[in-house]
Number of protein chains: 2
Amino acid sequence: MNVSKRQLARQAEVARNDEALLRAARRVFARDGERASVNAIAEAAGVGMGTLYRRYDSKTALYERLLVLSNQQWNAALRTAADHPDPWQGLQDLVIESVEYGQGTLAPLRKLTSLPPPTADLASAADRDFAALVERAHACGGLRRDATATDIILLIEQLGRSPLVEQIEELGEAALTTEARAARRRLIAIALGGLAAAPHASLPEPPPAQHLLTARWRGTR
Amino acid sequence: MNVSKRQLARQAEVARNDEALLRAARRVFARDGERASVNAIAEAAGVGMGTLYRRYDSKTALYERLLVLSNQQWNAALRTAADHPDPWQGLQDLVIESVEYGQGTLAPLRKLTSLPPPTADLASAADRDFAALVERAHACGGLRRDATATDIILLIEQLGRSPLVEQIEELGEAALTTEARAARRRLIAIALGGLAAAPHASLPEPPPAQHLLTARWRGTR
DNA sequence: CGATGTGCGGAGCAAACCGCTCCGCACTAA
DNA sequence: TTAGTGCGGAGCGGTTTGCTCCGCACATCG
């Protein structure tokens, strides 16, 4: 059977839809928790409900798919970090990457699913890998000695959700969103500086503009 | 007219109800955003809907009351910080206090109200006070030079909402809640360490137990 | 030119939940 | 007994929910 150009274009659009859906779902789930509505997800992805429901049997199925992807991303990030020649730098990169991906932000929705919680075998293997990475970051003198692996996981969860970024994303102005993301990257850097054993490098990104604090009230009053 | 013991006891209970309501409202509003339901608030406060609605005309009125209280607390905290002999220590205390109070967590609900957003005169007076405090913290050498006032405000907002604390509070186990709060206090300390110009003091609180990460899935499976 | 297939948007359905009202109850003071 | 007070929560109409299902656009095939 031949495959025409048209068909390929169609498939590409399908794939794009698929990705937009997953990306939007992750954002909306993270923001609204278990109350996220499928309507909001479809709208954020720019697709109709039909498109969503042809791919996933239910809201729960979509959520579970996100959980699996999130797990994969965590494992991949762990591997990347483990391969870094400098364990401390590897750990820092891991934190940044995980926070920006939103690692841990799906947790509050566990009620939706009956999938096994992350005490399972796979997860604890990842836990061991992570603990080993932290151990090496301690040993090389980069990570302050009194910070534990649990501290760092909690830090990732804590920074994953950002009121600032979430509120400003809703305005839909690309420039502002970029600024908000940069502002959060500074916060991550501050936290990482607090995790370091030695005095810190200077902060990345230009200082956040004050209008970030007020831009959110656009359209209220 | 005489005031009996019974009357006093009654009034005390009323006052307790009042405070429970406000405390619960702040928690639930912070957690659920503008979708917080009055039902959830009343339940969290352990009172009936009637009790809530005799005190506040509407959900919006309750929210606006919280906004006012939040503003008062911010101003009071600013004054306390300004009075501290060591500006940097005063600023650190301010951050800790504000994060634990939940300063900034009400922002995402602005849609509910028609009160003027915090670009108003009062707020900008507070802004000036805060900027002055930051300035003195810079001058005394405590605060790293490349951290700005906006950074610190965003940090307070960022730490105010804590997935960990919110999820674990829902379990209703006092011991666990205490632990979760202590874990967050360590995160605050880490962040403050990242804000410091000099190498940091050691972290407060014992390291967080790993079971904090798994305790939340109680009752799921 | 139909016939068939495919991916899509969104109107519409029952059920759940929303903010809010209101009534009956427990208790006290007169 | 009567009047007054603070209270819990059932219940009201209206909105929102997760999800179904149908008509449309377009491409391929006979």
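Domain bounds, as used here, come from an automatic or database domain assignment. On that basis, chain A of this predicted model is divided into domain 1 (1–55), domain 2 (70–160) and domain 3 (162–221). The points below take up the contact between two of these domains, then the contact between the chains, and finally the relation of the two copies.

**Domains 2 and 3 of chain A**
- The contact between these domains takes 12 residues from domain 2 of chain A and 7 residues from domain 3 of chain A.
- On the side of domain 2 of chain A that touches domain 3 of chain A, helix 5 (87–101) and helix 7 of chain A each supply at least two residues, and helix 5 of chain A gives the most, with 4 residues.
- By class, that side of domain 2 of chain A has 7 nonpolar, 3 polar and 2 charged residues.

**Chains A and B**
- Between the chains, 47 residues of chain A are in contact with 48 residues of chain B.
- Two or more residues of the side of chain A that touches chain B come from each of helix 7 (149–160), helix 8 (163–171), helix 9 (174–195) and helix 10 (211–214) of chain A, with the largest share, 9 residues, coming from helix 9 of chain A.
- The residues on this side of chain A divide into 23 nonpolar, 14 polar and 10 charged.

**Relation of the copies**

Note on methods. Residues are numbered from 1 along each chain as its sequence is written. Chains are lettered from A and ligands numbered from 1 in the order in which they are written. This is a predicted model: local features need pLDDT of at least 70, side-chain atom pairs count only at pLDDT 80 or more; totals for chains, interfaces and linings use all residues. Ala, Val, Leu, Ile, Met, Phe, Trp, Tyr, Cys and Pro count as nonpolar, Asp, Glu, Lys and Arg as charged, and the others, Gly among them, as polar.
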